[in-house]
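Let's take a friendly walk through this model, from its sheets to the contact between its chains. Have the structure open as you read.

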2 protein chains.
Amino acid sequence: MGRQVTLEDVAAEAHVSKSSVSNVIRNHPNVRESMRQRVNAAIDKLGYRPQAIGQNLVSGRTGLVSLAIPNFAQPYFAELARAAVAAADDAGMRLIVQQTDNLLEREREAADSWNLGSADGLIFSPSVIEDEEIEVRRGRAPLVLLGERSKLSSVDRVGIDSVAISHTATKHLLDQGRSRLVMIGDKTFGDPFVVSEREAGFHQALEEAGLREAGPVGAVRDWTREDGARAVDELLDAGFGFDGVFCANDLLALGALSALRRHGLRVPEDVAVIGIDDIEDGRFASPTLSTMFIDKEWMAREAVRLLAKQLADPDSIPEQLSVPFHLLARESTALYR
Amino acid sequence: MGRQVTLEDVAAEAHVSKSSVSNVIRNHPNVRESMRQRVNAAIDKLGYRPQAIGQNLVSGRTGLVSLAIPNFAQPYFAELARAAVAAADDAGMRLIVQQTDNLLEREREAADSWNLGSADGLIFSPSVIEDEEIEVRRGRAPLVLLGERSKLSSVDRVGIDSVAISHTATKHLLDQGRSRLVMIGDKTFGDPFVVSEREAGFHQALEEAGLREAGPVGAVRDWTREDGARAVDELLDAGFGFDGVFCANDLLALGALSALRRHGLRVPEDVAVIGIDDIEDGRFASPTLSTMFIDKEWMAREAVRLLAKQLADPDSIPEQLSVPFHLLARESTALYR
């Protein structure tokens, strides 16, 4: 493939300074159009390809951060990714995103330090891979973990206290006078871990109230609208009567709203429904969806801060943070008298 | 930074063959755990970093494709990105995604061939950048354009015929007996181009029916639920009476549904509402949302195919394709007698 073309080669070819080439590459706003064209022509002629814009020639860093999440099309992750782009921007970094699809093979690929390519570090929301494997695969690569799957204490981590969040949501249903509760979200595929915490919080709140669940935890393949609707169908078809539904996330809850309506049940009059995440969708649903707000922007900001901290000092002490959350009571759980 | 560590160095250090190292790096399923550990230890010791998994050592390609879209959190783009990941998978490629936020500077960065880093090519959905600039910046980098913004004929492109799509949507409202129509989606920020095509289709259908719009096109900052709701508020506050709303996308339509409900107007009895995109959200809305289906999976598959074609033959003739679409009539436009 011949000798690697360098910035110097481009500068020589264009008869300009190295910093002029650098300015063109970085899209510096003050670059004159004539300069841009001249440098571009040289770059094009020589086939020069810097690894990434914002490449810091002194530090050897690229300013690029990789974010690995299970699924772009899940609004929770889409909103989280959006917040991470904004946070990275503010920190002078550029973010690229990869989707792991809750597949072990993909999560391994994401965790492997050698897959970072030109990126300086990884922000990773794992869903099936084990902590030990994450640790081995990351090697010495800068890494920040997101979410509730990982409990690694050797790595910077922005976690989610799912037990507490689910407890608060369930208690809200009880406080609204609901006493025959079901939960939807037992995953038959992918990660059994997350739902176990959410179930624990649900059962904890029921026990404190001296109650039992009105039916088995509604099984779903994934936390989608479609699966939430199907779980309601199955619970109703099996003859379980309930006046409150706690869903492991908002998408399930939106699916549940749709299925309850199909069955002629009124929300909140007949059945109250609450989810987790506060995705935008729930704010515009009919009825509007009660949910647990999880501060995704805070999460993204802290993750970027922690990554920057590691880049500045690889020996910095890992921090384990827990994302702020609170109840958002909307129409779907309104007290009905 | 010293001499670059090679695959050979790792093989020598671990006393294994180069192909064994390659298998470990690619997460080949048949690699024994002892081999994996041995190679990982050598990689870790030497600090070896291949650019990306799947790196084709013969062709100099990485198997990596970059997808640049305006916004992860817009369900249309989230679903498109998800489809593109699946299509890239099937083609043996790995996809990374970057968000451009409808910002000219970011779209320039995305279009610049030197920003591809280790990626073999770019699939780009532009929203504000001019075609001429895309062409100059891409240089000789493999590029496939998505969406309706670009009309470049020198590049492979999977386009959207917004005029025809909007015409069909508007005609559906008219066919349902609605005669006082408004449109929502005139962008006050970002790309004025897309909406002009959608407006053209709207007005074309009205003219054919001998009608005029019942109010000015509802202005929005962006195509979000929030902006759709606000546009309905403004049109109603300004005293425009209407029995049909054509929205430039589904998010606007979902926001419109929410606002109409707030104003005590029934959908579809008082006002029929239709959007464009067929995002999952609309299928579970109450009422379910009528919309124009745009085949995002086809779009993603064709984009990946076209990129692979360019990689196989840089001199292949550019193709311009138009995405298949059709009307999905649901509850929000049901005929009301």
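## What counts as a salt bridge

A salt bridge here is a side-chain nitrogen of Lys or Arg within 4 Å of a carboxyl oxygen of Asp or Glu. Please keep in mind that this is a predicted model.

Is each partner buried or exposed? B:Asp101 has a relative accessibility of 16% and therefore counts as buried, under the cut-off of 20%. A:Arg82 is partly exposed, with a relative accessible area of 30%.

## Where the chains meet

How many residues does each chain bring to the contact? Chain A gives 59 residues and chain B gives 59 residues. About 5,200 Å² is buried between chain A and chain B, and carbon and sulfur atoms give 46% of that area. On the chain A side, A:Arg82, A:Trp114 and A:Phe284 supply 15% of the area that chain A buries against chain B, more than any other three residues.

Another salt bridge between the chains joins the side chains of B:Arg94 and A:Glu109, at 3.1 Å from N to O.

## Salt bridges within a chain

Over all chains, the count by this rule comes to 60 salt bridges. In chain A, the side chains of A:Asp156 and A:Lys309 meet at 3.0 Å, N to O. A:Asp156 lies in strand S5 (residues 156-159) and A:Lys309 in helix H12 (residues 296-312), so the pair ties together parts of chain A that are 153 residues apart in sequence. Both ends are buried: A:Asp156 has a relative accessible area of 2%, and A:Lys309 has a relative accessibility of 18%.

B:Arg262 forms a salt bridge with B:Asp233, with the closest N and O atoms 3.1 Å apart. The two link distant parts of the chain, 29 residues apart, with B:Arg262 in helix H10 (residues 250-262) and B:Asp233 in helix H9 (residues 225-237) of chain B. B:Arg262 is exposed at 52% relative accessible area, whereas B:Asp233 is buried at 18%. Back in chain A, salt bridges that share partners join A:Glu105, A:Arg108, A:Asp112, A:Glu133 and A:Arg137 into one network.

## The sheet of chain B

In chain B, six strands form an open sheet in the order S7-S6-S8-S9-S10-S12, with mixed pairing. Its edge strands are S7 (218-220) and S12 (325-328), each of which pairs on one side only. From one strand to the next, the twist averages 20 degrees. Strand S10 (residues 290-294) and S12(B) pair in the antiparallel sense over four bridges, and B:Phe293 stands opposite B:His326 in S12(B).

What surrounds strand S6 (residues 181-187) of chain B? Six of its seven residues are buried, so this strand is largely enclosed by the rest of the structure. Four bridges join S6(B) to strand S8 (residues 244-247) of chain B, and the two run parallel; here B:Met183 stands opposite B:Phe246. Three bridges join S6(B) to S7(B), again running parallel, and B:Asp186 stands opposite B:Ala219 in S7(B).

## The sheet of chain A

In chain A, four strands form an open sheet in the order S7-S6-S8-S9, and the pairing is parallel. The edge strands are S7 (218-220) and S9 (272-274), each pairing on one side only. The twist averages 20 degrees from one strand to the next.

Strand S8 (residues 244-247) of chain A pairs with S9(A) in the parallel sense over three bridges, with A:Gly244 opposite A:Ala272 in S9(A). Helix H7 (residues 162-175) of chain A lies across strand S6 (181-187), S8 and S9 of that chain, and runs at about 170 degrees to S8(A).

Terms used:
Residues numbered from 1 in each chain as written. Chains lettered and ligands numbered in written order. Predicted model: local features only at pLDDT ≥ 70, side-chain atom pairs only at ≥ 80, totals over all residues. Heavy atoms only, no water. Pairing = 2+ DSSP bridges. Axes fitted to C-alpha atoms, helices over the stretch in contact; angles between N-to-C directions. Contact = heavy atoms within 4.5 Å. Buried < 20%, exposed > 50% of the residue type's maximum accessible area, 1.4 Å probe, protein only. Buried area = accessible area lost by both parts, 1.4 Å probe.
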